[in-house]
Amino acid sequence: MVQDVADALELKNVKAEQMRAELVKGDFDFIVSRAVTNMPDFVSWIKDKIKKKNKHELKNGILYLKGGDLAEELKNFPKATEYNLADFFEDEFFETKKVVHLPLKFTV
């Protein structure tokens with residue numbers, strides 16, 4: 001499904017894979033995932049897979065779909081930015097959902 005969307009948008013630099021984060025090979029500008037665990041554990045799995053050289057306005061790092069109150073989970077990541085999806089989507093599913101951006105230099 002994700003690859004179908006990337007293909008329809010003719011995005012040439014997107015490769016969708018479904019696998020355990022710690023098994024992903026390579027290094028990337030962004031690791032994009034839905035919440036599969038708490039942020040500290042996820043960071044430990046993927047921190048060495050993010051490219052150090054940045055070429056985007058948004059700094060390389062993690063983009064993580066999460067729901068609920070994230071204050072406790074993100075307390076050790078002061079540079080994390082939360083984007084409320086309800087600001088972009090009207091469907092009630094998105095009312096408590098956020099995308100968290102965690103820049104590379106704050107993941108190690």
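Okay, let's begin at the start of α2, where a side-chain oxygen of asparagine 38 comes to within 2.9 Å of the backbone nitrogen of aspartate 41. That's a polar contact, meaning a pair of N or O atoms within 3.5 Å; within protein, one must be able to donate a hydrogen and the other to accept it, and residues adjacent in sequence count only if both atoms are side-chain atoms.

Quick note on the source: this is a predicted model, where local features need pLDDT of at least 70, side-chain atom pairs count only at pLDDT 80 or more, and totals for chains, interfaces and linings use all residues. Residues are numbered from 1 along each chain as its sequence is written, and side-chain values use heavy atoms, with hydrogens and water left out.

Back to the helix. Which residues of α2 are buried? In α2, which covers residues 39-46, they are Met39, Phe42, Val43 and Ile46. Buried here is under 20% relative accessible area, exposed is over 50%, and partly exposed is in between, with a 1.4 Å probe and protein chains only. Helices (H or I, at least four residues) and strands (E, at least two) are DSSP runs, numbered from the N terminus.

Looking down the axis of α2, those buried residues fall within an arc of 100 degrees, so they line one face of the helix. The arc is taken from the directions from the helix axis to the C-beta atoms. An α-helix has 3.6 residues a turn, so residues three or four places apart point the same way. And what covers that buried set? The cover includes β1 (30-34), β2 (61-67) and β4.

Next, the loop between α2 and β2, where you'll find asparagine 60. Asparagine 60 counts as buried, at 3% relative accessibility. A polar atom of its side chain lies 3.0 Å from the backbone oxygen of lysine 51. Leaving out residues up to four places away in sequence, asparagine 60 has contacts (heavy atoms within 4.5 Å) that include Phe30, Ile50, Leu102 and Leu104.

Last topic: salt bridges, meaning a side-chain nitrogen of Lys or Arg within 4 Å of a carboxyl oxygen of Asp or Glu. The structure holds four. One of them joins glutamate 82 and lysine 98, at 3.1 Å, N to O. This pair links distant parts of the chain, with glutamate 82 in β3 (residues 81-84) and lysine 98 in β4 (residues 97-103), 16 residues apart. Glutamate 82 is partly exposed at 36%, while lysine 98 is buried at 15%.
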